[in-house]
Amino acid sequence: MISDLLLMNGYGIYVWSSFAFTLVGFLSLYFIISLQLKKEQKRFEKNFSMLSDEKYNVAINQEIYKEILKNSGSKI
Amino acid sequence: MFDYFNPYRIFKINSTLQKIVFFCFIIVLSIGLVEALFLSPEDYLQKDSVRIMYVHVPAAWISLGIFSTIALLSFSVFVFKNKNLILISKSLAPSGILFTLIALVTGSIWGKPTWGTWWAWDARITSMLILFFFYTLYLLSFRIFEDQDRSNKISSIIAIFGAINIPIIKFSVDWWNTLHQPASISLTEKSAIHSSMLVPLVIMTAAFALFSVLIFLMKYNTELIKIKNKGLKRL
């Protein structure tokens, strides 16, 4: 029964390779975008921690900066 | 109206939505895969090779839908001068190009058992390949031009120009003699496809749509953080 599912009357190689290509494509794009997001979050955290006190006080009051830090799990 | 496109508002919604969309995507994809690979019947003519339809067709539909949206947003950029629309378009493009590639590759794989060839310069396939080039050009324009205003303008022009290709892809099967069959599913008429095949097709389309939403949300946040990183330096 399992071999029937795999072989699919001789069309298995075409069907499975199509689905495999699609899923590999999904996984690759998901990981690429996840890595890019994490990289930018880390860069943001680093830049934020290097701000002078005066600039820090300006930045920390901006909603968008607070939200970015919150989402990157930062403890700043 | 453009308050809805406020980056902070979108960023906040995005962050919450990502996990929900990811969860929904996994569930819908799992159901779709079981339906497409095991529960749906084989075709009387194409036998089991018809199962390729469940990845090929949704990928083609969504790649067209995404490019149409990008073109519409790019046109709106010129009308409303809202740069956030560029950010939305740019974030939609990665999943769009992936779906175009999936449509081309799975179409090629499907072509071998069905038509006896991996590739044919038929109107539908060629116009899909052109769409892939437009996606590539669109994404490259952001990397090639360092000046942001210039890259925004050029990418928008590419998207608007590329939109001409969309009706060509859609109606290529009616306008020319192609290897592709005419559309089996229409929004206005009764579907020519049996419900046992239509259901998995709809579920897989929903899964693919959820994936493109997920990638969009992640990419949008990435691009926004990139901009805010530059903003930090200018404080």
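Which residues have the most contacts inside the largest nonpolar core?

1. They are Ala59(B), Ile70(B), Phe99(B), Met204(B), Phe211(B) and Leu214(B), in a core of 73 residues. A nonpolar core is a set of buried Ala, Val, Leu, Ile, Met, Phe, Trp, Tyr and Cys residues joined through C-beta atoms within 7 Å; buried denotes 20 or more other C-beta atoms within 10 Å of a residue's own, with C-beta atoms placed from the backbone.

2. This is a predicted model: local features need pLDDT of at least 70 and side-chain atom pairs pLDDT 80 or more, whereas totals for chains, interfaces and linings use all residues. Residues are numbered from 1 along each chain as its sequence is written, and chains are lettered from A, and ligands numbered from 1, in the order in which they are written.

3. H7(B) provides the largest share of the core, 16 residues. Helices are DSSP runs (H or I, at least four residues) numbered from the N terminus.

4. The axes of H2(B), residues 53–80, and H7(B) come within 9 Å and cross at roughly 45°; axes are lines fitted to C-alpha atoms over the stretch in contact, with angles from 0 to 180 degrees between N-to-C directions.

5. Between chains, 36 residues of chain B are in contact with 33 residues of chain A, contact being C-beta atoms, placed from the backbone, within 7 Å. On the chain B side, H7(B) supplies the largest share, 12 residues.

6. Beyond neighbours within four places in sequence, Leu214(B) is in contact with Gln18(B), Val21(B), Phe22(B) and Phe25(B).

Note on methods:
Two residues are in contact if their C-beta atoms, placed from the backbone, lie within 7 Å. Helices (H or I, at least four residues) and strands (E, at least two) are DSSP runs, numbered from the N terminus. A residue is buried if 20 or more other C-beta atoms lie within 10 Å of its own, exposed if 12 or fewer, and partly exposed in between; C-beta atoms are placed from the backbone.
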